[in-house]
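Colleague: I am new to this structure. Could you walk me through it and back up the terms you use?

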Amino acid sequence: MDTEPVVVSAADAPQLAPVKGNVEFKNVTFGYTADTPVLNDVSFNVTAGETIALVGATGAGKSTIVNLLSRFYDINGGSILIDGVDIRGVNIESLRRQMGIMTQDSYIFSGTIRDNIAYGKLDATEEEIVAAAKAVHAHDFISRLKDGYDTKLTARGGELSNGQRQLVAFARTMLSNPHILVLDEATSSIDTKTELLVQAGIRDLLKGRTSFVIAHRLSTIQNADRIFVIDDGGIVESGSPADLMAKKGAYYKLRQAQFA
Ligand SMILES: Nc1ncnc2c1ncn2[C@@H]1O[C@H](COP(=O)(O)OP(=O)(O)OP(=O)(O)O)[C@@H](O)[C@H]1O
Ligand SMILES: [Mg+2]
């Protein structure tokens, strides 16, 4: 926690006004080190409310794209715009406050389930917490626990299954109500019943927000508005799930390989 952040905004950088969620990458070039470029001249436009599934081989650059959107790193060339505003020109806190980021290991800390959800909005009322849990289909399993929302969790959340941990993280994100959502889906296998809940949770969480989903679940990919296939430092194919299946190109091949 004492580590100095790599990227800081100028002390006088203006706040990013509440965003609608239009996202544009304009000729973005980036590498973690100078000699190994990861993204090469990447451009795309995402309209507020769209769900984009990022697919591609491991190491292709999917996480890199979403990391750049939160400005965890600065790009080497081009620009990244949210609602037409270059993210380098605004206060970083005000940018990240409007983003919901969920990574593969849905982070649970020690405290009650209520605490874990309320972290998404520290001044949330009990009603808001329960409503968020209901919205992502987490309320039922929580209510069935002996201590309900008062159930104590340890730092890794070992008291819950993988899927249940995810549902708690979804509830937290739902409560924080971000305009732009980034979801790095977990690949870990979940029992079928929880899987259905998690699917429903994801669906409701994505509603009405711009979402970037690094998707492994076929259901999430198929429900996306558009798929970006990432390879070779850029987007090699994009389109609706149906179009890309019909086209029998990169996405089709990837799916044949992945889900054979
Ligand atoms: N922090 C980092 N420092 C240096 N190189 C990195 C860093 N993070 C990622 N890379 C490199 O950047 C490239 C793209 O990585 P990225 O994490 O974006 O891939 P990905 O598509 O998300 O893969 P996966 O499906 O395995 O999560 C890889 O070659 C990786 O080794
Ligand atoms: Mg990744």
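**Terms and their grounds**

Modeller: Let me start with a hairpin: β1 and β2 form one, with 2 residues between them. Keep in mind that this is a predicted model.

Colleague: How do you know that β1 and β2 are paired?

Modeller: Pairing takes at least two bridges between the strands. Strand β1, residues 23–33, is joined to β2 by 7 bridges, so the two count as paired. They run antiparallel.

Colleague: What makes β1 and β4 a pair?

Modeller: The cut-off is again at least two bridges. Between β1 and β4 there are 5, so they pair too, and they run antiparallel. One of the bridges links V23 with I82 in β4.

Colleague: Which sheet do these strands belong to?

Modeller: An open sheet of 4 strands, in the order β2-β1-β4-β5. Its pairing is antiparallel.

Colleague: Why are β2 and β5 said to stand at the edges?

Modeller: Each has a single partner strand, so one side of β2 (36–46) and one side of β5 (85–86) are left without a neighbour in the sheet.

Colleague: Which helix packs on this sheet?

Modeller: Helix α1 does, touching β1, β2 and β4 (77–82). The direction of α1 makes about 115° with that of β1.

Colleague: What makes α1 mostly covered?

Modeller: Of its 8 residues, 6 are buried. Those are K62, T64, I65, V66, L68 and L69.

Colleague: Which residue that follows α1 has a positive phi?

Modeller: R71, with a value near 55°. R71 is not a glycine. It lies in the loop between α1 and β4.

Colleague: Why is R71 called buried?

Modeller: The cut-off is 20 or more other C-beta atoms within 10 Å. R71 has 21, so it is buried.

Colleague: Where is D41 found, and what is its phi?

Modeller: D41 is in strand β2. Its phi is near 55°, a positive value in a residue other than glycine.

Colleague: Why is D41 called partly exposed?

Modeller: A residue with 12 or fewer such neighbours is exposed, and one with 20 or more is buried. D41 has 14 other C-beta atoms within 10 Å, which puts it in between, so D41 is partly exposed.

Colleague: What surrounds ligand 1?

Modeller: The shell consists of Y32, V38, G56, T58, G59, A60, G61, K62, S63 and T64. It divides into 3 nonpolar, 6 polar and 1 charged. Helix α1 (residues 62–69) gives the most to this shell, with 3 residues.

Colleague: Which strands form the sheet that has mixed pairing?

Modeller: That open sheet has 6 strands, in the order β6-β9-β10-β3-β11-β12. From one strand to the next, the twist averages 15°.

Colleague: What makes β6 and β12 edge strands?

Modeller: β6 (99–102) and β12 (234–239) each have a single partner strand, so one side of each is left without a neighbour in the sheet.

Colleague: How do you know that β11 and β12 pair?

Modeller: At least two bridges are needed. Strand β11 (residues 226–231) has 5 to β12, so they pair, running antiparallel. In one of these bridges, I227 partners G239 in β12.

Colleague: Where is confidence lowest and where is it highest?

Modeller: Confidence is lowest in helix α7 (residues 192–206), at a mean of 83, and highest in β4, at 98. Over the protein chain, pLDDT averages 91, and 97% of the residues score at least 70.

Technical notes: Residues are numbered from 1 along each chain as its sequence is written. Chains are lettered from A and ligands numbered from 1 in the order in which they are written. This is a predicted model: local features need pLDDT of at least 70, side-chain atom pairs count only at pLDDT 80 or more; totals for chains, interfaces and linings use all residues. A residue is near a molecule or strand if its C-beta atom, placed from the backbone, lies within 6 Å of it. Ala, Val, Leu, Ile, Met, Phe, Trp, Tyr, Cys and Pro count as nonpolar, Asp, Glu, Lys and Arg as charged, and the others, Gly among them, as polar. Axes are lines fitted to C-alpha atoms, for helices over the stretch in contact, and angles run from 0 to 180 degrees between N-to-C directions. Two residues are in contact if their C-beta atoms, placed from the backbone, lie within 7 Å. pLDDT is the predictor's confidence in each residue, from 0 to 100.
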